[in-house]
Amino acid sequence: VLRIIQLLYIIPGILTLSLLPVFSNLANKDNEKFRKILEQGMKILFLIALPLTIGGLTLSYPIIKFIFGNEYIPGTSSFAVLALTIAVDFNAVILMNAIFAYNKQKYLSVYTGIGAFLNVLLDLILIPRFGILGSAWATFFAQLISNIYLWFQMKKINYFQVLPYIKKPIFASILMGIFAYILNFISIPVILNIFISGIFYFVILYKIKEPAFQEIKNIISLNFK
């Protein structure tokens, strides 16, 4: 179950690969441009993370059944909890790159320490009582708290905002989740459901004039400057 989520964690690493040199060139030189690129990058990651999270929550049962078979169905709840970590943790990579560009590596060490300590502590508390589901919740809360720390430190370095820019993706993701639930209810095969629901999500974004598509193009163009 965890392997599926771990594979998805590769996405932010790939998407933010080109941003570290850009951040390094702008840090303490053009902080306003740095902030705008950071906000655009985080918005794009949320654009991907939100539907993955809601889709994982909505379709956790058919996904586990399709990939692993009936014997792994008890792991459905754990998969749903781990799907929450996508929304929490997808932006960690870009924030780490941003903090590194400002030469504040000490914050990254503390971030890693918080996550590791809380994971072990919460595992010891939750696993004996809840088993694998307790481990999933331990992972979620450890990532949530450590990432709150990361956000707080980056805001102190160069204040940024994300929530005002992700209202449309949140709205589209919720609609997509409802749509995916309906498709699952009428027994549409899960792979086809994921494909149709994904198209539905981007159609909604297009219809409500989400500007992120142009921002994606702008970030990609940074590689050629």
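**Exercise 1.** In this predicted model, find which residues the salt bridge of Glu39 belongs with, and work out the network they form.

*Solution.* Start with Glu39: its side chain meets that of Arg35 in a salt bridge, at 3.0 Å from N to O. Both residues sit in helix 4, four residues apart, or about one turn of the helix. Next, look at what else Arg35 does: its side chain also meets the side chain of Glu32 in a salt bridge (2.2 Å, N to O). Now put the two pairs together: through shared partners, Glu32, Arg35 and Glu39 are joined into one network. The structure holds two salt bridges.

**Exercise 2.** Sort Glu39, Arg35 and Glu32: buried or partly exposed?

*Solution.* The cut-off for buried is under 20% relative accessible area. Glu39 has 7%, so count it as buried. Arg35 has 18%, so it's buried too. Glu32 is at 40%, so it goes down as partly exposed.

**Exercise 3.** Describe the lining of the largest pocket.

*Solution.* Begin with the volume, which is about 400 Å³. The pocket is lined by 21 residues, and those closest to its centre are Pro51, Leu52, Gly55, Gly56 and Ile194. Then check the helices: helices 1, 4, 6, 10 and 11 each supply at least two lining residues. Helix 4 gives the largest share, with six residues. Finally, go by class: 17 residues are nonpolar, four are polar and none is charged.

**Exercise 4.** Where is Asn193, and what does it touch?

*Solution.* Leaving aside neighbours within four places in sequence, Asn193 is in contact with Leu59, Ala180, Leu183, Asn184 and Ile188.

Conventions. Residues numbered from 1 in each chain as written. Predicted model: local features only at pLDDT ≥ 70, side-chain atom pairs only at ≥ 80, totals over all residues. Heavy atoms only, no water. Contact = heavy atoms within 4.5 Å. 1 Å grid on protein atoms, 1.4 Å probe; cavity = no way out; pocket = protein on both sides within 12 Å on 5 of 7 lines; lining within 4 Å. Points joined across faces, edges and corners; volume = space filled by probe spheres on them. Nonpolar A, V, L, I, M, F, W, Y, C, P; charged D, E, K, R; others polar. Salt bridge = Lys/Arg side-chain N within 4 Å of Asp/Glu carboxyl O. Buried < 20%, exposed > 50% of the residue type's maximum accessible area, 1.4 Å probe, protein only.
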